[in-house]
Amino acid sequence: MENKLQILLTEEDAEAERVAELTGYLREELLDLDVDDVTALTGGEVPPGARAVDVTAIGALLVSLGSSATALSQVLTVIRSWLGRRHDTHPSLHLQMGDDVLEVSEATDDQVAEAFKIFLQRHSTAGAEP
């Protein structure tokens, strides 16, 4: 699963529709990159009688990076740019490649940039330096 990046987007106290909207915007931007695919993941069917929707299942994307040497770098650049434009909201991100996990929540732009740089270095075979 090294060439796949799982993204989980959440937002505190957000309605399911809001998380789905934010995830959709991010997915659209990622699809413009040189990646094989960006798939919205589902949490399965809602059990009969259940009232709540699992918001975390709504905000899940799987990015198939393909064989491009710069795909991961491009994806992280888009995510960082996307986060920087979310002034009205404060989404949290959970990025995972294999067993490596990066959590981003309430961080400054500089902190996000440094965390993404380190994450990218750990996966240099999946992407090059930005």
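Contact here means heavy atoms within 4.5 Å, and the legends below use the word in that sense for a predicted model.

Figure 1. Let's start with the overall layout before zooming in. Read from the N terminus, the elements follow the order β-α-β-α-β-α-β-β-α. Of the 130 residues in the chain, 39% count as buried. How much of the contact set comes from residues 24 or more positions apart? Taking contacts in the chain with a separation of 6 or more, such residues account for 67%.

Figure 2. Two of the side chains deserve a second look here. The side chain of serine 92 forms a polar contact with that of serine 105, at 2.9 Å. Is serine 92 buried or exposed? Its relative accessible area is 19%, and because the cut-off for buried is under 20%, serine 92 counts as buried.

**Figure 3. Helix α3 and what covers it.** Helix α3 (71-84) has 14 residues and reaches 20 Å from its first C-alpha to its last, close to the 20 Å expected at 1.5 Å a residue. Which residues of α3 are buried? They are Ala71, Leu72, Ser73, Val75, Leu76, Val78, Ile79, Trp82 and Leu83. An α-helix has 3.6 residues a turn, so residues three or four places apart point the same way. The cover over the buried residues of α3 includes the strands β1 (4-10), β3 (60-64), β4 (92-97) and β5 (100-104), along with the helices α1 (16-31) and α4.

**Figure 4. Tryptophan 82, a residue of helix α3.** Here we move in on one of the buried residues of α3. With a relative accessibility of 0%, tryptophan 82 counts as buried. Setting aside neighbours within four places in sequence, tryptophan 82 is in contact with Leu9, Leu22, Tyr25, Leu26, Glu29 and Pro91. Leucine 22 is 60 residues away from tryptophan 82 along the chain, and their C-alpha atoms are separated by 9.8 Å.

**Figure 5. The largest pocket and its lining.** The largest pocket has a volume of about 280 Å³. Of the 15 residues that line it, Leu83, Gly84, His90, Ala107 and Asp109 are the closest to its centre. By class, the lining holds five nonpolar, six polar and four charged residues. Which helices each supply at least two residues of this lining? They are α3 (71-84) and α4 (109-122). Helix α3 contributes three residues, the largest share of the lining.

**Figure 6. Glutamate 11 and glutamate 12 in the loop between β1 and α1.** Now for a pair of glutamates in one loop. Is glutamate 11 buried or exposed? Glutamate 11 is buried, with a relative accessible area of 15%. Beyond residues up to four places away in sequence, glutamate 11 touches Arg18, Leu22, Thr89, His90 and Pro91. Glutamate 12, by contrast, counts as exposed at 66% relative accessibility. Between glutamate 12 and histidine 90 there are 7.8 Å in space, C-alpha to C-alpha, while the two are 78 residues apart in sequence.

**Figure 7. Aspartate 13 and glutamate 106, with positive phi values.** This last view turns to the backbone. Most residues other than glycine have a negative phi. Aspartate 13 has a phi near 65°, a positive value in a residue other than glycine. Its place is in the loop between β1 and α1, and aspartate 13 is exposed, with a relative accessible area of 74%. Where is glutamate 106? Glutamate 106 sits in the loop between β5 and α4. Its phi is positive, about 50°, although glutamate 106 is not a glycine. At 73% relative accessibility, glutamate 106 counts as exposed.

Methods:
Residues are numbered from 1 along each chain as its sequence is written. This is a predicted model: local features need pLDDT of at least 70, side-chain atom pairs count only at pLDDT 80 or more; totals for chains, interfaces and linings use all residues. Side-chain values use heavy atoms; hydrogens and water are left out. On a 1 Å grid over the protein atoms alone, a cavity is a set of points where a 1.4 Å probe fits but cannot get out, and a pocket is an open set with protein on both sides within 12 Å along at least five of seven lines; lining residues have an atom within 4 Å of a point. Grid points are joined across faces, edges and corners, and a volume is the space filled by probe spheres set on the points. Helices (H or I, at least four residues) and strands (E, at least two) are DSSP runs, numbered from the N terminus. Ala, Val, Leu, Ile, Met, Phe, Trp, Tyr, Cys and Pro count as nonpolar, Asp, Glu, Lys and Arg as charged, and the others, Gly among them, as polar. The expected span of a helix is 1.5 Å times one less than its number of residues. Buried means under 20% relative accessible area, exposed over 50%, partly exposed in between (1.4 Å probe, protein chains only). A polar contact is a pair of N or O atoms within 3.5 Å; within protein, one must be able to donate a hydrogen and the other to accept it, and residues adjacent in sequence count only if both atoms are side-chain atoms.
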